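Student: I have a chain open in the viewer and would like to go through some of the labels attached to it. Could you take them with me, setting each value against its definition?

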Amino acid sequence: MDPFEEKLQRLREAFNTGKTKQAKFRAEQLRSLGRFLQDNKKQLHDALAGDLGKSAFESDMSEIILCQNEVDLALKNLQTWMKDEPVSTNLLTKLSSAFIRKEPFGLVLIIAPWNYPLNLMILPLVGAIAAGNCVVLKPSEISKNTEKVLAELLPQYLDQSCFAVVLGGPEETGQLLTHKFDYIFFTGSPRVGKIVMAAATKHLTPITLELGGKNPCYVDDNCDPQTVANRVAWFRYFNAGQTCVAPDYILCSQEMQKRLGPALQNAITRFYGDNPQTSPNLGRIINQKHFKRLQGLLGCGRVAIGGQSNEAERYIAPTVLVDVQETEPVMQEEIFGPILPLVTVRSLDDAVDFITKQEKPLALYAYSNSCQVIKQVLARTSSGSFCGNDGFMHMTLSSLPFGGVGSSGMGRYHGKFSFDTFSNQRACLLSNPGMEKLNDVRYPPYSPCNQKLLRVDTSEDTLRKLREAFSTGRTRPAEFRTAQLQGLGRFLQDNKQQLQDALAKDVGKSAFESDMSEIILCQNEVDLALKNLQTWMKDEPVSTNLLTKLSSAFIRKEPFGLVLIIAPWNYPLNLMILPLVGAIAAGNCVVLKPSEISKNTEKVLAELLPQYLDQSCFAVVLGGPEETRQLLTHKFDYIFFTGSPQVGKIVMAAAAKHLTPITLELGGKNPCYVDDNCDPQTVANRVAWFRYFNAGQTCVAPDYILCSQEMQKRLGPALQNAITRFYGDNPQTSPVLGRIINQKHFKRLQGLLGCGRVAIGGQSDESERYIAPTVLVDVQASEAVMQEEIFGPILPLVTVKSLDEAIDFINQREKPLALYAFSNNNQVVNQMLERTSSGGFGGNDGFLYLTLPALPLGGVGNSGIGRYHGKFSFDTFSHQRACLLRSPGMEKLNDLRYPPYGPWNQQLISWAMDSQSCTLL
């Protein structure tokens with residue numbers, strides 16, 4: 001019997017009631033979480049001491065206070081974070097209301113590790129609660145004392161219909177991961193991270209992976225060795241070195257190694273005394289397994305300091321290894337213990353080369369009295385976070401994101417970043433149900449007046465050359481990005497006729513439809529990026545607290561590296577170029593894979609696009625499914641895929657093998673609810689236009705209509721009027737009605753014409769790949785046309801008795817990419833928006849929100865992961881690197897954070913870290 005099924009079902013049912021969506025409920029749960037931390041401080045201290053030998057001060061500083069600060073910050077800002085975010089409109093949507101609504105995903109799974117078993121459970125939980133989700137919490141069984149406190153006491157403070165703590169080891173966690181969640185947040189090792197991502201793939205579940213790795217620390221010769229030693233020793237040996245952001249090794253010159261050794265000995269003695277084993281401020285290794293592993297690493301290099309161990313106490317002394325070689329075991333894995341190897345390099349260039357040849361780390365540190373040295377290390381490397389002349393004090397700032405890059409993780413959290421992580425950003429456009437005359441300009445037939453208003457080498461060698469180009473830093477300067485964007489704009493302008501011809505041959509698009517839905521949108525995206533590039537690229541300063549008051553804290557937007565963009569056939573230019581604009585603007589090198597199905601557009605892209613871009617940084621690769629599978633075996637730094645959920649799972653599984661972050665723009669069955677309180681002709685005009693646009697081969701088109709039996713009778717003649725008006729008495733001869741992409745899809749669509757009853761259309765011509773604009777009525781939910789995304793000019797009408805029944809019908813299915821509602825009653829439209837979930841939402845209109853780069857395009861659940869368009873594209877292809885730069889001097893100010901800890905230290909640190917007393921918002 002499945003031990004989790006019943007519990008998960010109850011949580012889903014609670015979420016479906018809408019209980020967690022209310023601000024009042026979220027605030028109550030957050031306040032209760034705060035009380036849990038306050039009421040059980042002693043039990044938490046004892047549990048953390050039992051698990052890891054943490055002192056009460058370390059438990060407060062690194063666990064309890066940070067958790068309380070996060071709760072306080074969320075409570076203070078909850079109403080602001082939850083507010084709809086209005087965005088700018090264009091002339092086509094001027095009379096509409098456009099905004100982004102932050103909605104909960106649903107049922108979230110948080111899997112926490114053992115090293116900070118409270119902090120790394122509660123911090124993401126705060127974000128999940130604030131965003132309105134139901135949550136399953138899986139604490140680590142390794143930190144068994146803290147697990148027990150969380151399991152026994154936390155449920156007493158939270159609504160148990162919406163939150164659950166589950167226990168177990170690897171086997172139980174594996175079983176838990178077979179279930180479908182709406183979001184998974186995992187903290188742990190890269191090895192287990194791959195397992196979690198592979199499990200998430202089966203249900204297309206979005207994930208955050210907070211992993212680890214070997215964090216480098218570069219120490220320049222131009223440093224005071226004692227200042228460096230104090231700062232490094234404190235955060236290396238904190239929690240007995242079992243900290244994912246601790247420095248894993250030091251890179252320095254032979255001369256600095258000689259000077260640093262005595263300084264590190266002084267710092268260790270000052271912090272932990274002559275016999276660190278008796279220090280109340282030095283933690284213990286979590287268990288015998290990890291103790292034995294660490295003991296084995298003590299034989300690497302030469303022990304300069306420490307090296308003692310005591311298995312009975314799981315004690316390993318603060319240790320420094322010198323003369324360590326890159327090939328030794330201590331340099332091949334994350335140490336995660338109180339051992340610090342020193343590796344010698346000849347120069348800053350050697351150090352940077354050493355760092356960039358390894359996997360991207362979770363954190364990177366650099367010490368120098370020279371600002372230029374610090375800035376060079378920052379500019380020439382990549383990591384989750386960066387600290388100049390200090391340790392992990394950036395972790396005390398909720399204004400900075402925490403997250404890895406590459407094999408050290410994907411996604412970010414802390415403060416508002418956590419709220420955003422656990423929120424689906426739903427693009428919404430609400431239009432007036434009247435003023436239909438204003439829409440005539442967009443409907444066919446199109447006159448000149450309307451139009452005015454509106455095989456390459458795929459080898460490893462190719463990918464290696466692109467990686468080498470990225471490694472030189474060539475794509476990073478704004479001047480290079482600008483030049484490539486300008487080249488892309490010229491490609492669109494110079495080859496407009498060739499593109500129109502290719503699109504006409506592939507999907508029968510008219511010149512106007514090609515301009516409106518492909519070329520103009522691409523050109524607008526290029527123009528927007530060129531206009532805003534300097535602003536988007538700027539470092540983003542963030543607030544500090546008293547502990548970091550004299551430091552500079554900011555977020556730097558950095559390129560991921562080598563990006564793969566896989567485009568589909570239905571909008572073969574738009575869905576290739578729009579993500580490419582974001583990837584170029586963010587400074588990446590890019591491999592472009594157009595669809596082989598839209599072969600004419602593929603040919604234009606392959607032959608002409610490379611002439612406009614720097615070919616050392618961009619490549620177009622051709623081929624079918626086999627070549628694409630082969631391409632996906634290679635390691636990329638980001639993958640952007642548009643296509644079906646079925647292929648999306650294959651892409652995500654391939655990405656999981658390399659822990660590659662992804663965006664999946666998928667599809668699904670988009671519902672369209674039509675209320676009885678509507679003008680049927682207005683609805684018919686708007687629905688017919690965006691249903692039959694591109695012969696229905698549009699991922700955001702309405703897939704079916706839900707309406708009453710009465711409205712079905714009224715809508716039928718209105719749809720017939722709209723179809724005749726747009727495409728004439730014989731749509732087959734209309735120049736503005738597209739064709740089905742190929743015989744395979746034509747045959748599939750022909751098979752769906754037998755569902756329900758054909759009320760309009762139904763004709764087809766295989767030789768032209770033509771299917772008439774069709775309306776099916778009296779369709780049953782069990783019929784084939786309701787079991788798959790139609791992706792063609794067929795519109796089923798399914799009858800429901802009420803708005804509630806329509807909402808239930810929608811919510812019983814996978815979350816769609818888009819959802820539409822038509823009514824003269826604003827309350828009906830708002831209810832549909834409030835009580836459902838989708839990637840985008842259109843009230844009284846169709847997919848015109850896609851013309852607004854201020855609104856994101858992206859799915860939720862089975863319809864996709866991630867979002868893009870405009871600045872959202874730039875952000876998608878940018879790693880947000882948390883940075884803290886501190887003065888190399890003024891070391892006396894740091895005394896209060898160093899052990900041994902007296903009552904004065906503890907009071908002052910607690911006050912300095914308290915978000916309400918010191919964080920400047």
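Student: Why is Cys428 called buried?

Tutor: In this predicted model, Cys428 has a relative accessibility of 0%, and buried means under 20%, so the label applies to Cys428. Cys428 lies in strand E18, which covers residues 423-430.

Student: Which residues is Cys428 in contact with, beyond its neighbours within four places in sequence?

Tutor: Contact asks for heavy atoms within 4.5 Å, and with those neighbours left aside Cys428 is in contact with Ser97, Ala98, Phe99, Arg101, Leu833, Phe841 and Leu855. Asn115, 313 residues apart from Cys428 along the chain, has its C-alpha atom separated from that of Cys428 by 41 Å.

Student: Where does E18 stand in its sheet?

Tutor: The order of this open sheet of ten strands is E1-E2-E18-E34-E33-E26-E27-E32-E31-E28, with mixed pairing, which places E18 between E2 and E34.

Student: What makes E1 and E28 the edge strands?

Tutor: Strand E1 (85-86) and strand E28 (757-760) each pair on one side only.

Student: How do you know that E27 and E32 are paired, and in which sense do they run?

Tutor: Pairing needs at least two bridges, and three bridges join strand E27 (residues 704-707) to strand E32 (residues 794-799), so the pair meets the criterion, with the strands running parallel. Cys707 has Thr799 in E32 as its bridge partner.

Student: What is the order of the open sheet that contains E10 and E19, and why are these two strands said to stand at the edges?

Tutor: That sheet, of ten strands with mixed pairing, has the order E10-E13-E14-E9-E8-E15-E16-E36-E20-E19. Strand E10 (302-305) and strand E19 (540-541) each have a single partner strand, so one side of each is left without a neighbour in the sheet. E10 pairs with strand E13 (residues 319-322) in the antiparallel sense over three bridges, and Ile305 stands opposite Val320 in E13.

Student: Which residues carry the "active site" feature, and where does that label come from?

Tutor: The label comes from UniProt, where an unreviewed entry places the feature at Glu210 and Glu665. Of these residues, Glu665 is included in the lining of the largest cavity.

Student: What makes Glu210 and Glu665 buried or exposed?

Tutor: Glu210 has a relative accessibility of 1%, which is under the 20% cut-off, so Glu210 counts as buried. For Glu665 the value is 4%, again under 20%, and therefore Glu665 counts as buried.

Student: How do you know which parts of the model to read with care?

Tutor: The mean pLDDT of the chain is 93, and 96% of its residues reach 70 or more. However, pLDDT stays under 50 over residues 451-458, for which the model has 18 contacts beyond four places in sequence, and it also stays under 50 over residues 915-921, with 20 such contacts. Where pLDDT is low, the predicted coordinates should not be read in detail.

Notes:
Residues are numbered from 1 along each chain as its sequence is written. This is a predicted model: local features need pLDDT of at least 70, side-chain atom pairs count only at pLDDT 80 or more; totals for chains, interfaces and linings use all residues. Side-chain values use heavy atoms; hydrogens and water are left out. Helices (H or I, at least four residues) and strands (E, at least two) are DSSP runs, numbered from the N terminus. UniProt positions are given in the numbering used here, feature names are shortened, and annotations may be inferred rather than shown by experiment. On a 1 Å grid over the protein atoms alone, a cavity is a set of points where a 1.4 Å probe fits but cannot get out, and a pocket is an open set with protein on both sides within 12 Å along at least five of seven lines; lining residues have an atom within 4 Å of a point. Buried means under 20% relative accessible area, exposed over 50%, partly exposed in between (1.4 Å probe, protein chains only). pLDDT is the predictor's confidence in each residue, from 0 to 100.
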